[in-house]
Amino acid sequence: LHDLTERQTSRDVFQMIGVHLTRGVTSWQAFADRFPWLLSNIAGGLVAAFLASLFEPLLDAVIVLALFIPVVLALAESVSIQSVGLTLQSLHGARIDWRFLGGALRNESGVALMLGLAAGTVVGLVAWAWKSDALVALAIGGSIALSMLTACLLGVLLPVTLRWLKRDPKVAAGPVVLALADTATLLFYFTLSGALLMR
C-alpha cells in the first residue's frame with residue numbers, strides 16, 4: 001500500500017509539470033504530450049508581456065518596479081504550485097462537495113495570507129531600505145500579499161472544479177495555474193503600484 005501511494009504521488013508530481021510517466025514512447029509522442037503544456041507557458045508569458053506594455057508609463061516613471069517583477073512572480077508561482085500539490089493529494093478518495101471546498105479554501109487561504117504577509121513584509125522592507133521610498137515598498141509588499149493569496153486560491157479552485165466536473169484535475173496543475181497566477185499577480189502589482197505612485 002505504501003509503495004502504491006508513493007507511485008501515485010510520483011505520477012501526480014510528474015503530471016503536475018506536464019509529463020506522463022510512460023515507458024517506451026517515441027520522441028514524437030513525448031513531444032505531443034509535453035508541447036501543449038509549453039503552449040500554456042507561452043500564452044501566459046505573452047499575456048504578461050501585454051499587461052506590462054499597458055503600464056509602460058508607470059514602469060518608465062518608477063524604474064524600481066521593473067526590478068522586482070521576477071521576485072513578485074516567483075513568490076506567487078511557488079505558492080500556487082504548493083497549493084496545487086496539496087490539493088491534488090487531498091483529492092485522492094475524497095468526496096467533492098461544498099464542505100470539502102470550503103475546508104480546503106479556509107485552510108489554504110489562512111496559510112497563504114500568512115505567507116503573503118510575511119514575504120511581502122520582507123521584500124517591502126528590502127525595497128524600502130534600498131530606495132528609501134515607503135510608497136514603493138508598500139506597493140511591492142502589498143502586491144505580493146494579494147498575489148500570493150490569489151495564487152493559492154487558484155491552486156485550490158481549479159483542481160477541485162475540474163474534479164467536480166469529472167475531468168482529470170491534474171491538467172489544471174502546472175502551467176494553467178501558473179499562467180493564471182502570473183496574470184493576476186501582474187494585475188495586482190501594476191494596479192496597486194499605479195494607484196499609490198502615479199499621482
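Start by selecting Ser-132. Is this residue buried or exposed? Ser-132 is exposed, with a relative accessible area of 61%. The cut-off for that word is over 50%. Keep in mind that the model is predicted.

Stay on Ser-132 and look at the backbone. Its phi is near 55 degrees. That value is positive, in a residue other than glycine. Most residues other than glycine have a negative phi. Where does Ser-132 lie? Ser-132 is in the loop that runs between α5 (98-131) and α6 (134-164).

Next, select Trp-130 and Lys-131. Lys-131 lies over the face of Trp-130. The distance to the ring centre is 4.9 Å.

Now zoom out and show the whole chain as a cartoon. How many helices and strands are there? The protein has seven helices and zero strands. Read from the N terminus on, its elements run α-α-α-α-α-α-α. The protein has 199 residues, and 40% of them count as buried.

Go to helix α5 and pick Ala-118. Ala-118 is partly exposed, at 43% relative accessibility. Along the chain, Ala-118 and Gly-141 are 23 residues apart. Their C-alpha atoms are separated by 9.1 Å.

Select Trp-28, Phe-31, Phe-35, Leu-38, Leu-39, Ile-42 and Leu-46. Together these residues make a nonpolar surface patch of about 730 Å². Click on Ile-42, a patch member in helix α2 (residues 27-54).

The largest nonpolar core has 31 residues. Which of them touch the most other members? They are Leu-65, Ile-140, Tyr-189 and Phe-190. Colour the contributing helices: α2, α3 (56-61), α4 (64-91), α5, α6 and α7 (175-197) each supply at least two residues of this core. Helix α4 gives the most, with eight residues.

Finish with the rings. How many aromatic pairs does the whole structure hold? A search finds four.

Key. Residues are numbered from 1 along each chain as its sequence is written. This is a predicted model: local features need pLDDT of at least 70, side-chain atom pairs count only at pLDDT 80 or more; totals for chains, interfaces and linings use all residues. Side-chain values use heavy atoms; hydrogens and water are left out. Rings of Phe, Tyr and Trp (its six-membered ring) pair if their centres lie within 6.5 Å; planes under 30 degrees apart count as stacked, over 60 as edge-to-face and the rest as tilted. A charge sits over a ring if NZ of Lys or CZ of Arg is within 6 Å of the ring centre and within 35 degrees of the ring normal. Helices (H or I, at least four residues) and strands (E, at least two) are DSSP runs, numbered from the N terminus. Buried means under 20% relative accessible area, exposed over 50%, partly exposed in between (1.4 Å probe, protein chains only). Patches are made of residues with over 30% relative accessible area and no salt bridge: like charges are joined within 9 Å, nonpolar side chains (Val, Leu, Ile, Met, Phe, Trp, Tyr) within 5 Å. Accessible areas come from the Shrake-Rupley method with a 1.4 Å probe; for residues, only the protein chains shown count as cover. A salt bridge is a side-chain nitrogen of Lys or Arg within 4 Å of a carboxyl oxygen of Asp or Glu. A nonpolar core is a set of buried Ala, Val, Leu, Ile, Met, Phe, Trp, Tyr and Cys residues joined through side-chain atoms within 4.5 Å.
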